[in-house]
Amino acid sequence: MGSNGTATCVDPTGMCPRDGRLITVLSIDGGGIRGLIPATIIACLEAKLQVTMTKAQITILQRAERSDARIADYFDVIAGTSTGALLTAMLATSGENNRPMFAAKSFSNDRMTNMFSSVMGPKYDGTFLREKIKSLTHDKKIADTVTNIVVPAFDVKYMQPVIFSTFEDKTNPIKNAHLSDICISTAAAPTYFPAHYFATKNPEGKTREYHLVDGGVAANNPTMGAMSMLTNEVLRKNMDFTPGKPTEYRNYLVISIGTGSPRQAEKYTAPKCAKWGLIQWIYNGGFTPIIDMFSHASSDMVDIHAEVLFESLKCEKNYLRIQCDSLDGDASSVDIATKENMEALIGIGKELLKSPVSRVNIDTGMFEPVTGEGTNEDALGHFAQKLSDELRLRKNNHNSY
């Protein structure tokens, strides 16, 4: 904590937004097994960060090799819901020498597909899921992350969203929960996993109970949640965000990655839905229509809001949303964890990288290519350069104090 009681920078190098021009955000949607899609895209981004890192930046990070650059080195906050939160935890959990425990490139290998398979099955086995996540995060707490994280869940007892964040942990230690509890809570999708109960205790012995289900109930796309938490830090006069520095939305650099949505080819129709009773809304043909509709609507509304916000500020190129809206068959399910489907989802992620940068058409809800902006992989390359330049600027300014 700083001398004025505000939180100090999480980054082990000591560099914060106050030292640069931008506030950087990575956001990862929820989507069960479809989390392999953003995992593939994040691995590509990390590879590009390693390529763009200059010799000067290697000195900044005190690394011997470019290959040691990690996603968490470049983002002020990483936000995730459901399996997006699991990816967030793995990107940000501290390991040896306070470095991230996992490299993003490990997300697309056999070890990671086996992990996703284990996490998504057997159905309803919340105890198994918790132990699996606990083994991955090594019993770390949210305070043990190497950069700030934001993870939403929903408290069924109090009927309100709960946002776990590294920022809040510093001002409200009672929310310093284990990452395993946070991850299983935000992944506890109704009908798939049971609600998760746990309690935390602050240094004075005060306890708080949590009765949580899937973060997708509150924010399947956590982009605006992350931006709101950052804005709150500015309002709190957190010394990492000093006046006159990058505190306006036009100075945010945001990458938001979706887990895909079903192909819009009349999967459901009003005449068909009109005949459904309670059971059909909950389960129909291997899918859960009511849950699917809520999660997709939540993600898309956040994207629309963010897109309009950045466009109104004339900085739309500071916001990149990578999403596939044409999933079908097993790939559109959140829990079919066969080897074939997982390989297909990784393939979809790779094809999405080759697809043109697209933005949602507010009138139709469809993603449409943006002329002159190249592919999603091209855009990630541009963002990687901006992130690298920002890191170099922060170090130079930090050393001048």
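Okay, let's start with serine 333, which has a relative accessibility of 3% and therefore counts as buried. Keep in mind that this is a predicted model. Where is serine 333 along the chain? Serine 333 sits in the loop between strand E8, residues 319-322, and helix H13, residues 339-354. What does the side chain of serine 333 pair with? There's a polar contact of 2.9 Å between the side chains of serine 333 and aspartate 335. If you skip the neighbours within four places in sequence, serine 333 is in contact with Ile33, Arg34 and Phe287.

Let me step back to the whole protein for a second. We have 14 helices and 10 strands. The protein has 401 residues, and 55% of them are buried. Take the contacts between residues at least 6 apart in sequence: 75% of those join residues at least 24 apart.

Which residues carry the "active site" feature in UniProt? The UniProt record, an unreviewed entry, puts that feature at Ser82 and Asp214. Those residues are spread over 133 residues of sequence, yet they cluster in space, with a largest C-alpha distance of 6.5 Å.

Serine 82 first. You'll find serine 82 in the loop between strand E2, residues 77-80, and helix H3, residues 83-92. Buried or exposed? Serine 82 counts as buried, because its relative accessibility is 9% and the cut-off for buried is under 20%. Leaving out residues up to four places away in sequence, serine 82 touches Gly30, Gly31 and Gly32, along with Thr186, Ala187 and Asp214.

On to aspartate 214. That one is in the loop between strand E6, residues 207-213, and helix H8, residues 216-219. Aspartate 214 comes out at 10% relative accessibility, so it counts as buried. What does aspartate 214 touch, not counting residues up to four places away in sequence? The residues are Thr81, Ser82, Phe154, Ser185, Thr186, Ala188, Ala189 and Pro190.

Next, empty space. Rolling a probe the size of a water molecule over the atoms shows where empty space is left. How many cavities of 30 Å³ or more does the structure hold? There are 4. I'd like to show you the second largest cavity, with a volume of about 40 Å³. Its lining is made up of Asp303, Glu307, Tyr319, Leu320, Arg321, Val357, Ser358, Arg359 and Val360. The elements giving two or more residues to that lining are helix H12, residues 289-312, plus E8 and strand E9, residues 358-360. By class, the lining of the second largest cavity has 4 nonpolar, 1 polar and 4 charged residues.

The side chains of glutamate 373 and arginine 359 are joined by a polar contact of 3.2 Å. Where does glutamate 373 sit? Look in the loop between strand E10, residues 367-369, and helix H14, residues 376-399. Glutamate 373 has 19% relative accessibility, so it counts as buried; the limit is under 20%. Not counting residues up to four places away in sequence, glutamate 373 touches Lys317, Val357, Arg359 and Asp378.

Methods:
Residues are numbered from 1 along each chain as its sequence is written. This is a predicted model: local features need pLDDT of at least 70, side-chain atom pairs count only at pLDDT 80 or more; totals for chains, interfaces and linings use all residues. Side-chain values use heavy atoms; hydrogens and water are left out. Helices (H or I, at least four residues) and strands (E, at least two) are DSSP runs, numbered from the N terminus. Buried means under 20% relative accessible area, exposed over 50%, partly exposed in between (1.4 Å probe, protein chains only). A polar contact is a pair of N or O atoms within 3.5 Å; within protein, one must be able to donate a hydrogen and the other to accept it, and residues adjacent in sequence count only if both atoms are side-chain atoms. Contact means heavy atoms within 4.5 Å. UniProt positions are given in the numbering used here, feature names are shortened, and annotations may be inferred rather than shown by experiment. On a 1 Å grid over the protein atoms alone, a cavity is a set of points where a 1.4 Å probe fits but cannot get out, and a pocket is an open set with protein on both sides within 12 Å along at least five of seven lines; lining residues have an atom within 4 Å of a point. Grid points are joined across faces, edges and corners, and a volume is the space filled by probe spheres set on the points. Ala, Val, Leu, Ile, Met, Phe, Trp, Tyr, Cys and Pro count as nonpolar, Asp, Glu, Lys and Arg as charged, and the others, Gly among them, as polar.
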